[in-house]
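Here is a quick briefing to read alongside the model. Have the sequence and the 3D view open, and hop between the topics as you like.

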Amino acid sequence: MHRLSFAIAAAVLLLFGGRGFACEGDKVLLAENFSTADASWGEQNGNFAIKDGAAILKADSQRGYKVLDNAFLFDDADICVTATALEVGKPEESAGGLVFWAQDYRNAYFLMLSTNGYFKIGRLVNAAWVNPPLDWTQSDAIVQGTNKPNALRLTIKGQMLTVEINGKLGTTLRAQSPGAPSLIGLYAESSEQVDAWKFNNLKVTKVK
């Protein structure tokens, strides 16, 4: 795994074409280009692979699948990633996005989007889904369909969460933080068929 230098990170920012598409803190905490399969993501398998500069997640039918980067813990942070649906059977039953405030694989929050123009913040407690801090919400900022990259940005400051999608504000809300440094990761869930999602350009910076 290459932890990008400031120069390369700046090039990534320029590639996305504007300040809304990249995390902008004055200190880069993590920059992951998925050039190699770092052991911090765990073992690759039929549900998860790192190749060609991307992380690919394929959840089993009507299931979700998540991977966590176990090497880094974060408090307040600005988190960015590009999510692209590669194969989706039923858009209303498939999603991909970020895992954050993860204490472990059983307790975490999720910023998810679907290819039909909706996004959501979900929460898992003791491996069970509880009432979501934000249920499925429509956003014109989401580029709909497969093979259409969407840039997600999540800014965490205390209990405040700010979501941006493709440089446009999605929502700002409060949620219950774990009260301690936590992990981040990636998530995908499938409809009846096995759907596939691709993730690029994961970056975390300090909050401005």
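**Aromatic rings**

Phe 72 is partly exposed, at 24% relative accessible area. Its ring partner is Phe 74, a buried residue with a relative accessible area of 7%. Keep in mind that this is a predicted model.

**More on the rings**

- Searching the whole structure turns up 8 aromatic pairs.
- One of them is Phe 72 with Phe 74, a stacked pair with 6.3 Å from centre to centre and 10 degrees between the planes.
- Phe 100 and Trp 101 make a tilted pair, because their planes sit at 50 degrees, with the ring centres 5.6 Å apart.
- Phe 100 and Trp 101 are both buried.
- Tyr 109 joins in as well: ring pairs link Phe 100, Trp 101 and Tyr 109 into a cluster.

**The disulfide**

- The model has 1 disulfide, and it runs from Cys 23 to Cys 80 with an S to S distance of 2.1 Å.
- Cys 23 sits in the loop between helix 1 (6–16) and strand 1 (28–32), while Cys 80 is in strand 5 (residues 77–87), so the bond ties together parts that are 57 residues apart in sequence.
- As for handedness, the link of Cys 23 and Cys 80 is right-handed, with 115 degrees about the S-S bond.
- Buried or exposed? Cys 23 is buried, at 1% relative accessible area, and Cys 80 is buried too, at 5%.

- Look for an open sheet of 6 strands, in the order 4-13-6-7-8-9, with antiparallel pairing.
- Strand 4 (64–68) and strand 9 are at the edges with a single partner strand each, so one side of each has no neighbour in the sheet.
- From one strand to the next, the twist averages 20 degrees.

- Strand 2 (residues 48–51) has two faces: Phe 48 and Ile 50 are on the covered one, Ala 49 and Lys 51 on the uncovered one.
- Strand 2 pairs with strand 3 (residues 54–58) in the antiparallel sense, over 4 bridges.
- Ile 50, from the covered face, stands opposite Ala 55 in strand 3.
- The hairpin has 2 residues between the strands, and Asp 52 takes a positive phi near 50 degrees there.

- As background, most residues other than glycine have a negative phi.
- Where is Asn 126 found? It is in the loop between strand 8 (118–125) and strand 9 (128–138).
- Asn 126 counts as exposed, at 52% relative accessibility.
- Asn 201 also has a positive phi, of about 55 degrees, and is not a glycine either.
- Asn 201 is found within strand 14 (residues 196–205).
- With a relative accessible area of 26%, Asn 201 is partly exposed.

Definitions and conventions:
Residues numbered from 1 in each chain as written. Predicted model: local features only at pLDDT ≥ 70, side-chain atom pairs only at ≥ 80, totals over all residues. Heavy atoms only, no water. Disulfide = S-S within 2.5 Å. Buried < 20%, exposed > 50% of the residue type's maximum accessible area, 1.4 Å probe, protein only. Pairing = 2+ DSSP bridges. Phe/Tyr/Trp six-rings, centres within 6.5 Å; stacked < 30°, edge-to-face > 60°. Axes fitted to C-alpha atoms, helices over the stretch in contact; angles between N-to-C directions.
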